Amino acid sequence: MNNVDPNLIHESAYSHVTGQAVYVADIPFSANTLTGLVYTSPHAHARILSIDIKEALAVEGVVDIIDYRAIPGHNQLNPLAGDEPCLAVDTVHCIGQAVLLVVAENELAARTAVRKIKIDYDVLPAVITIENAMSQGLRLAPARSIERGNVEQELAKCTHQINGTLRIGGQEHWYLETQSAYCVPGEDNEMKVFASSQNPSEVQSVVAELLGIETHKVECEVKRMGGGFGGKETQAAHIAAWAALMAKVTGRPVKLIFNRDEDQLFTGKRHPFLASYKAGFGNDGRLQAYDVELHGNAGCATDLSMAILERALFHADNAYFVPHFRVIGTMWRTNLPSNTAFRGFGGPQGAVVIEHTIDQIARFLKKDAAEIRKINFYGADVLNETHFGQLIHSNKLQRLWDELYSSSSYEQRRGEINDFNRTNTVVKRGMALTPVKFGISFTTSFLNQAGALVHIYKDGSVLVNHGGTEMGQGLHTKIIQIAANGLGIPADWVKVSATNTSKVPNTSPTAASSGTDLNGMAVSNAIEILKQRLIDVAKQLPGFALSIDDEITFSDGWVKNSSGAAIDFRTLAEQAWMKQISLSTTAYYATKGLHFDKQAGKGHPFHYFAFGMAVSEVELDVLTAEVRLLRTDILHDAGKSINPAIDKGQVAGAFMQGVGWCTMETLRYSSEGKLLNKSPDTYKIPTIADIPADYRINLLSDAPNPDVVKQSKAVGEPPFLLAFSVWLAIKDAVSAVGNHLVEPDFHLPANQTQILKSIDSVINQ
Amino acid sequence: MENSKLQFFLGDKLKVIDFEKSAYLPSTTVLNYIRAEGFKGTKEGCAEGDCGACTVVIGTPESGKMIYQAVNSCLIFLASLHGKQLIVIENLMDSSAGKNHLHPVQQALITHHASQCGFCTPGIAMSLFAQYKAAAKPDTNTLKLQLSGNLCRCTGYESVQKAAIASLQHVQPDHFSESEADVIGALALVSQAGSLRINTLKQKYFLPLNLEEALQLRADYPAAKTINGNTDNAIRQNKTFVYDSVIIDLSAVTALNGITETENTIEIGASCSIEKMRLFLKDRIPLFSQLLAHFASAQIRNLATVGGSICTASPIGDLLPALVALNARVELQSIYDYRVLSLEEFIVGYRKIDLSPDELLTRILFPVPAANQLFSCVKASVRKQLDISTASLAMLLQKDTTNLVEKIVLAYGGMAATVKRAGSAEAFLTGKYWTKENSENCIPLICSSFEPISDARAEAGARTRLAGNLFLRLFYQSLEGGSHE
């Protein structure tokens, strides 16, 4: 075995803690760099009557003010849907939509100029909420549905039926590094783009299309992001496109770095949903029929909304087998900034409804919700087909439940909580156990591909290029482990380069938790190719002549055969060079066998499923609505983890991000469509003081995942859904106010206002 | 004696800035300054003190020692560094004599996998460094409070917490300890040279050292912006890009930064920081001190002053309801005059105070609650840490030995344009027994005392509900004899 620490520290950790790590805003900009600024619409829906930029242009230091007419190519940020102009032409569809670009010698000049731009608008009626859009029939696209069995008929036959509606809030990404780009024009219409993007290839093609040039003239480089979470999957290309256009028009390098208020106001968020459901079940709590409608607020443009809706449909079952199942989903067009990808990609919004439903069933039957969950889980060998017809293999739900129920002392603590609640009136405790089953793969099947370009230099050092981007998730670190272990060399002989479209072309976004699955496999394939070449070289060396390939091992910087011959890796690399053997190769990987028939609602869209489970306990101050997270136990399935330390970090981070979404993170809009929480002053994400006082995160042991790189499992998104345990623990505490006799009116997020209302709904019943 | 040149240490190097010749304004934020100087490890995450990515440490000589405090560099003006030591992430590593040693807090962050995207990491390292240099080592809960001004969106903080605890296990002298005496010596020369008076065409910036000079400046420049902590004013500058032409910065007036107790009266200088007040009140009025532990973040508590907080006259500030309940008085001075007003008289409207252009708020005084008085306070906010209250209540209750209410003050924040007392409820309760029944009966009176607004934080209905609930919370708390921490 090669001796690379499985818990290898993040490849940039040293740069992070010393402040050396470079983000877009830290690039040493060339001296002639201009500062760009985006002038955006102050109205959610309006016609532009006239634009007067005379006074603004006169501000000292202003170089140019650009409108859509300056675009050499196609005025479009979404070439596929075609509904997102780069700069508004005559109508604006949300507050924060780009109308003009101001480019100046410095930020102060640009800011001063923006204030002097005069635009007359004819303000039109704006649609802000899902209910508004529904009443006006403003579907983004036709509704989608997936159905198995005969839901209506079976619902009527069930012993018990419940129904309800659930409002599900949106979420601001709040990556620490705001959206930013730096564009440097070159000779022959070339454009180099330094972006903070999860999707450099899309940046490249959007910029090329906008500038009317071939893709090969645009080079996009992403060193790292200061967080992405989906917010930089499509919308980072917007910032890059604006910067590139300004660079093109002025012929000078341009930096465009959103400040926090701009980022929060202008960019899309997690989609808010409105759900209604009916469920039929027997005395044992086993679900027989489930009928759910999901309505998403897409905002003003298509972006990824339909794919997000699709994933919501795929996850409407979360972890449960329901024989008769129907989910109908619609995305609605409103006058908000276009909502976009966010960790979980619609999955959380789909899954939370059935978790809420099961909680309601348990209360209805006066049983513990953990028990109702357990009896409804997908089976290992039977009852293991999802509503969309995919069989679930290696189901870990039962195992997770058994291990976690015991390790969290669930039963004993349930008794203690009941005792506590009997003796306390203004402080209540609640607990919930919730599972997650999350499908891994892009549901747009062809995106499941990746490329790599690996060089071994003649000193034995290795440079890996691949299509994935580093946003903190540790992808590059895992790639280093894969490459180093493949070549049997120390980790510090391997470096991963910045992601660059000129190294690996036509890449998929680093999204859908698939970064390591796809790129890791491509890199692994490249390593195998190079290794074979080195084996062939070794066999020409004294002592290796009679070796067969399989007996040649690569470990700890040495290449050996079984009869004791050895050559150090560096010398072997140099030998290969001298023997005119290429030490560079590309490689490719694509997930095979994925398909989904949208019409039939059947198929096999996922390569596999990831599983996890959590138990959380909270204490609720019934008077102030303050929630304290007392304890969380998480058991998560990361397959045979490539790097347990990094995977646990993903679990912890996703979980708390989910807790933020489920509790404090609230987006309020004025009736005119203006986001009120446009800065961290009023938009609150969790702090270190909000984490569970007692926090126990474990990865499921002995759970290799065949057919995936190093038998691992994707871990980026699934643990986000484990935060449902906190959300339903709060509901349990609210329910305790009414001795669990009343179903609380409860929605997401369970913020202060919501909890107070919910308590009232219990008291006033 | 006076200085026209700004002098401070950046790490171990003395910096001198002559604003006549500099591209910087005296009110350039330290964040913008250090980044422009090429120290790009310090990040801008929000430019309003709400994320901590720009955290730096400022060393201030005090009684022959350096006091190191974490602050938000987006909220401090360059000129306020006069006579201090600025330490940024690039200074943390010991690179003296060709060494390249990580600081123990940096090493702990690496060892415990506490960085993911890394953007917040330098700020977290700086906050940890300040804790490393602090005299008292915090327990885990206090450590979390001290770190809650550093937002991280990746790690979920579990690894950060582990790194934080580990890094404070074995505190030893570091390379700052070695140079501490030299830095103090050099800075003493700077302050001996007199107060800083920057008088350029673009901006005048005065950093008086004594009260007389400050009052004279107020008289000479009645239109000047007076800053005292600057945590509110810097945000305005950051967001509007409008720069004041004349600034009087009170942060160096030593006569104003004290806090003392004399004959059961707490006397606080207007420039006393919230953090200093929190520590001073810890044993004297524990519940007040606990409230201040939830005042903004550690970084802001180190900067924000009692006088500054009062003069912003925000209806949602944490301080005002408590001070109103304690019947605080404010001292106002000019070169001609001296007045004392009750705090309630001083606050005349939404962010409006009774202060003449030539006056300064110099001291705040309030009595320590007597043995027969109970002071308590509660704050309801969307997030427990680093959040302004949705609604808050401070109560002063005086009962006789038979449990009869002799006097009660109920001062609410977040319910009106100013801090407002629930007068009818106070009247209702006075002369009645302090019982659950009477408390519950006065809830409608409390709720009808206010017409709160809906805003980004909460809906009006929730605020009304909270107003009554907060009172009940304090009622129950009074039965338990104090804290609900």
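Mentor: Let's start at Pro749(A), which sits in the loop between H18 and helix H19 (752-763) of chain A. Keep in mind that this is a predicted model.

Trainee: OK, what kind of peptide bond joins Leu748(A) and Pro749(A)?
Mentor: A cis one, with omega at about 10°.

Trainee: And which residue other than glycine has a positive phi?
Mentor: Lys366(A) has one, with phi near 55°. You'll find Lys366(A) in a loop too, the one between helix H10 (347-365) and helix H11 (369-376) of chain A.

Trainee: Back to H18(A). At what angle do H17 and H18 of chain A pack?
Mentor: About 40°, and the axes are 8 Å apart. H17 covers residues 644-662 and H18 covers residues 724-737.

Trainee: So are they parallel or oblique?
Mentor: Oblique: angles under 35 degrees would count as roughly parallel, and H17(A) and H18(A) are therefore oblique to each other.

Trainee: Which residues make that contact?
Mentor: From H17(A) you have Phe655(A), Val659(A), Trp661(A) and Cys662(A). H18(A) brings Phe724(A), Ser725(A), Val726(A) and Trp727(A).

Trainee: How many of those are nonpolar, polar or charged?
Mentor: Seven are nonpolar, one is polar and none is charged.

Trainee: Switching topic: how many salt bridges are there over all chains?
Mentor: The count comes to 72. One to look up is Lys192(A) with Glu219(A), at 3.3 Å from N to O. That pair links distant parts of the chain, 27 residues apart: Lys192(A) is in strand S10 (residues 191-195) and Glu219(A) in strand S11 (residues 218-222), both of chain A.

Trainee: How many salt bridges go across the interface of chain B and chain A?
Mentor: There are 12. In one salt bridge, the side chain of Lys684(A) meets that of Asp387(B), 3.7 Å from N to O. The interface also has 37 residue pairs in polar contact.

Trainee: Which element gives the largest share of chain B's side?
Mentor: Several elements of chain B each supply at least two residues, including helix H4 (121-133), strand S18 (373-380) and helix H19 (460-480). H19(B) gives the largest share, eight residues. By class, the side of chain B that touches chain A has 32 nonpolar, 18 polar and 20 charged residues.

Trainee: And how many residues does each chain put into the contact?
Mentor: Chain B puts in 70 and chain A puts in 81.

Trainee: How much area do they bury between them?
Mentor: About 6,100 Å², with 58% of it on carbon and sulfur atoms. In chain B, the residues that lose the most area to chain A are Gln116(B), Arg153(B) and Phe241(B), together 14% of what that side buries.

Note on methods
Residues are numbered from 1 along each chain as its sequence is written. Chains are lettered from A and ligands numbered from 1 in the order in which they are written. This is a predicted model: local features need pLDDT of at least 70, side-chain atom pairs count only at pLDDT 80 or more; totals for chains, interfaces and linings use all residues. Side-chain values use heavy atoms; hydrogens and water are left out. Contact means heavy atoms within 4.5 Å. Buried area is the accessible area (1.4 Å probe) that two parts lose on being put together, summed over both. A salt bridge is a side-chain nitrogen of Lys or Arg within 4 Å of a carboxyl oxygen of Asp or Glu. A polar contact is a pair of N or O atoms within 3.5 Å; within protein, one must be able to donate a hydrogen and the other to accept it, and residues adjacent in sequence count only if both atoms are side-chain atoms. Helices (H or I, at least four residues) and strands (E, at least two) are DSSP runs, numbered from the N terminus. Ala, Val, Leu, Ile, Met, Phe, Trp, Tyr, Cys and Pro count as nonpolar, Asp, Glu, Lys and Arg as charged, and the others, Gly among them, as polar. Axes are lines fitted to C-alpha atoms, for helices over the stretch in contact, and angles run from 0 to 180 degrees between N-to-C directions. Angles under 35 degrees count as roughly parallel, over 145 as roughly antiparallel, 65 to 115 as roughly perpendicular and the rest as oblique.
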